[in-house]
Amino acid sequence: MLAGYDTLITTIALGAILAYSFHVVLMAGQLSLGQAGFAALGAYVSTLIVPTEPLFGSLSPVLVGIPVGAAVGALAAFGLGLPVLRLRGVFLAIATIAFGEMVRVVITNAEWTNGALGIRVEKWVTVDLAWAVVAVLAYLFWRLGPSRTGRAFAAVREDELAAGSMGVNVVRTRMTSFVASGAIAGVYGVLFAYFFGRIIPAAFDFGLMLDGLVTAVVGGYLVYFGPILGSGFLTAVPEIQESLGLEAGWIHPLVTGLLLLAVIVFLPGGLSSLVTRARRRPRPPEPDLDALAALPPPPETGTALVRLRDLGKDYGAVRAVHGVDLEIASGDILGVIGPNGAGKTTLINMISGLEPPTTGGGDVLGVALGPAGGAHRFAQAGLSRTFQHSKLFDRLSALDNVLVGAHPVTRPTFLRRLLWLPSARRDERRAHALAWAQLRRVGLDDRAGLRPGALSYGDQRRLEIARALAAHPALLILDEPAAGMNHVEAADLAELIRSLADDGITVLLIEHNVRMVLETCTRLVVMNFGEVIAAGEPREVAADPKVVDAYLGTGETGENEYV
Amino acid sequence: MRFYRTSGALAAAAALLASAACVSEEGAAEQSDDTLVGSGTGADCTIEETVPIGAVLSLTEAAAFAGEYQREGIEMAFEEINAAGGVEYEVTYEDDKTSLEDSVAAFEKVIDRDEVSAIIGPTLSNMAFTTYTDSQSAGVPTVGISTTAEGIPEIGDYIFRASLPEEVALAASIPAAKETLGIENVAVLYDSADEFTDSAFNTMTDVLADEGVEVVVEESFETGDTDFSAQLSKVQQNEVDALILSALPGETVPLVKQARDLGIESPIVGGNAFNSPVLVGALEDASEGLIVGGAWSAAADTTGNADFIADYTEQYDRAPDQFAAQAYTAAYLIDEAVRADCDANREAIKDNLGQILEFDSILGPISLAEDGEVTQEPFVQIIRSGEFTLLEG
């Protein structure tokens, strides 16, 4: 039917598979480029195992090779990931490229690989088999996207700090994407070897890495079918040029290069953004009160949630915070005020697990402060927070931002979604109900489909609060939530905070709007030069001369205007 | 409803997977087209239909240095043949971009889409090892023109080559150099990453052993290397009578230059890669004293050689090299096979290619055996004052 086009069509499939191995790391924001190495290992090891005769008379022997390639690639990725996943961005890229080159050099010099001359094998891979693998991968990524794991990938890509604070295990998510990338690259290596019937180390070089990366980026890594689009485009463009009669050797690469440039410049989300542009707005479901009601009740009023003893943080010789003893009990609305640079944000970064303390210790919701672990453990224990400068997930819709927030109170759904289990659908529906409830609560339900960049500043702050609330926190930390709000918005916010307290959520509020703090808080802590200089009932603290001197100042009359 | 839809999709996917996993054993499709059979034989043969020929060459990227000469050689040969009349050929040129993937795709295109009667190419043995299995299983006679590595004709009975194996060229140049220059001990440098240079290295070692020449230095490098000082300083430390080199042109130029710069004055003996005027031009003075064993020589007094060089130079504005000469010859060999039975079908071409005996070409008398191997006398040349001259003992 398609005689004469088999190789072309299979090349598209192989290109897509290679691109998927980049897609999965780019989805999680990791610039990992060691796929050529994983593919080479998968290909070469599979030649040791794949039988030379068809299985049971007619089954392709590559069916043995595919899982072997996947396993080899995954293992290699795991081994490499342990040391290199500490690196980020361009450093990770360099380390992984170095790995790919290392593999190539080792294979070139090894005996069993027949060195630079390579190995010849039977051509067992057919068009159908290559496309079946693409279909399986597309299916996996289609089911992954709107699952809890898929949202964790997206959150880590957009902002690792915020993702961790929303309960996403950043280290594990990065490793998962890395290992998946290795497995897919291993499968690619096996298919490549058994389609062309030949593997040489030079096939797994820098150029292969570049091809895969370009295909993944051109196709777009925000949508599951991006690699197929990218590979189809990059394979079709030279062919179409040829059929149009563009003969000269140098014109092909030039036209292809210009088209690539056009895609990158005008479609930053890749070709797939042409398709997703038309995506419909999310429609709010009916409020599901059962989902909210089924959440665990808040801790009993008066339970100590946070206990800090002599907590301190030094940056070299700078003592950002020292000697802080603090206890926060359930039901408190604790205000923390103080001049800029007083150590307020450092203090809450320690409480939420973003920074380990250098002296002292304590526990937050039963999790001990310390160097080990990460922010996600505190988030899973019931702590949620916003940031002084909004850390929203820029390329996710408002709704998806809030859905990530629901991470700690939902169950993983990816594997169950693969099997279409009804329980996965129920869990996803519940997550959506929780997210919509919070969007309604902050008044953003009519803007759920917008990206954060399209929201006003005040709306962005409210969206961050909604995201934090979706985690159903016992303790909510708000870092200057009213910054940049006008006084009407600030008053609404104060109202919201009080209603949270009524729901039993303990709030720690850092704020420069002293009037708002005095009106909403039940307790007040004042910091200056890294120390707590006063703590207690808000009006009394505000009257404290030390506080007036350090922070509040006096009006023109010499009177303290807050008392 | 949803359940049925889902399970239907799953069943379809399972069916696709099950069928995809099967391997089919398809033999070469026997097809014969009466319109490709003409009347008369030999020079009188007349075939109505145009005979399609495919030429898969490396016209861009790494091996383009050879591919362009080959395209021109083929083009000129078929222009001459078409002008002579009787049989009209149409050649489809495909660029394999010096890559395995594109080479496989190009072979598939000329075999299945253009349905050619015969294929010429590819440029590199590296690709031939994969693509020749395809033309073999499709039953398309294929003539290699620069695929000199060991084991190429053994791929199958549809595979031929008009390219003198490197081993034969070297086997001739080493004894000739020994005889005329009195060489007793040598250094051998070779590219271990290329199929062709690596197999040539094996031949060299055998020939050197047969001739009783001692190898005092043996060093390897890889395609793409640019600095050879480590290998060359070992050569320098051991006084050798000659340096024997198995390399592609890309590495030959810097290596020979670096050797001369280091003060290594001994003659350098090489194979096919040396046999190009471009190389001599690139090397400038450093080319002096290079000894080349090859399939063709501009200085050789073979049938039509002088006309070939003159016409080629006029048409393409540069002197031909061995790649052009061998490609030119391959076109004539195919024409000879077609005219033998006046039949341009794949089977007939294949049968008659294997019967070509002592065909008078610009490479001298050339024969193709049924197993696909070529037989011809190699030419040993030495470069003196920038000119190839035959090295005669």
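A nonpolar core is a set of buried Ala, Val, Leu, Ile, Met, Phe, Trp, Tyr and Cys residues joined through C-beta atoms within 7 Å. A residue is buried if 20 or more other C-beta atoms lie within 10 Å of its own, exposed if 12 or fewer, and partly exposed in between, with C-beta atoms placed from the backbone. The largest such core here has 296 residues. This is a predicted model, where local features need pLDDT of at least 70, side-chain atom pairs count only at pLDDT 80 or more, and totals for chains, interfaces and linings use all residues. Residues are numbered from 1 along each chain as its sequence is written, while chains are lettered from A and ligands numbered from 1 in the order in which they are written.

**The core**

- Within the largest nonpolar core, A:Ile17, A:Leu191, A:Leu509 and B:Leu243 touch the most other members.
- Helix α8(A) gives this core its largest share, 15 residues. Helices (H or I, at least four residues) and strands (E, at least two) are DSSP runs, numbered from the N terminus.
- A:Leu509 touches several residues, including A:Ile333, A:Leu334, A:Val517 and A:Cys521, not counting residues up to four places away in sequence. Contact requires C-beta atoms, placed from the backbone, to lie within 7 Å.

**Where the chains meet**

- Chain A puts 28 residues in contact with 28 residues of chain B.
- On the side of chain A that touches chain B, α1 (6-27) and α5 (127-144) of chain A are the elements that give two or more residues.
- That side of chain A divides into 14 nonpolar, ten polar and four charged residues. Ala, Val, Leu, Ile, Met, Phe, Trp, Tyr, Cys and Pro count as nonpolar, Asp, Glu, Lys and Arg as charged, and the others, Gly among them, as polar.

**Domains of chain A**

- Chain A is assigned domain 1 (6-276), domain 2 (299-383 + 521-555) and domain 3 (386-473). Domain bounds come from an automatic or database domain assignment.
- The C-alpha centres of domain 1 and domain 2 of chain A are 47 Å apart.
- Nine residues of domain 1 of chain A are in contact with seven residues of domain 2 of chain A.
- On the domain 1 side of this contact, α7 (160-165) and α8 of chain A each supply at least two residues. The largest share, three residues, comes from α7(A).
- That side has five nonpolar, four polar and no charged residues.

**Domains of chain B**

- Chain B is divided into domain 1 (35-164 + 302-376) and domain 2 (167-294).
- Their centres, taken over C-alpha atoms, are separated by 30 Å.
- Ten residues of domain 1 of chain B are in contact with 13 residues of domain 2 of chain B.
- The domain 1 side has four nonpolar, four polar and two charged residues.

**A helix pair in chain A**

- Helix α6 (residues 148-158) and helix α8 (residues 170-196) of chain A pack at an angle of about 105°, with their axes 10 Å apart. Axes are lines fitted to C-alpha atoms, for helices over the stretch in contact, and angles run from 0 to 180 degrees between N-to-C directions.
- That makes α6(A) roughly perpendicular to α8(A), a term for angles of 65 to 115 degrees.
- A:Ala152, A:Phe153 and A:Val156 of α6(A) meet A:Val170, A:Thr173, A:Arg174 and A:Ser177 of α8(A).

**A:Ala320**

- A:Ala320 lies in strand β4 (residues 318-329) of chain A.
- A:Ala320 counts as buried because it has 20 C-beta neighbours inside 10 Å.

Terms used. Angles under 35 degrees count as roughly parallel, over 145 as roughly antiparallel, 65 to 115 as roughly perpendicular and the rest as oblique. Two residues are in contact if their C-beta atoms, placed from the backbone, lie within 7 Å.
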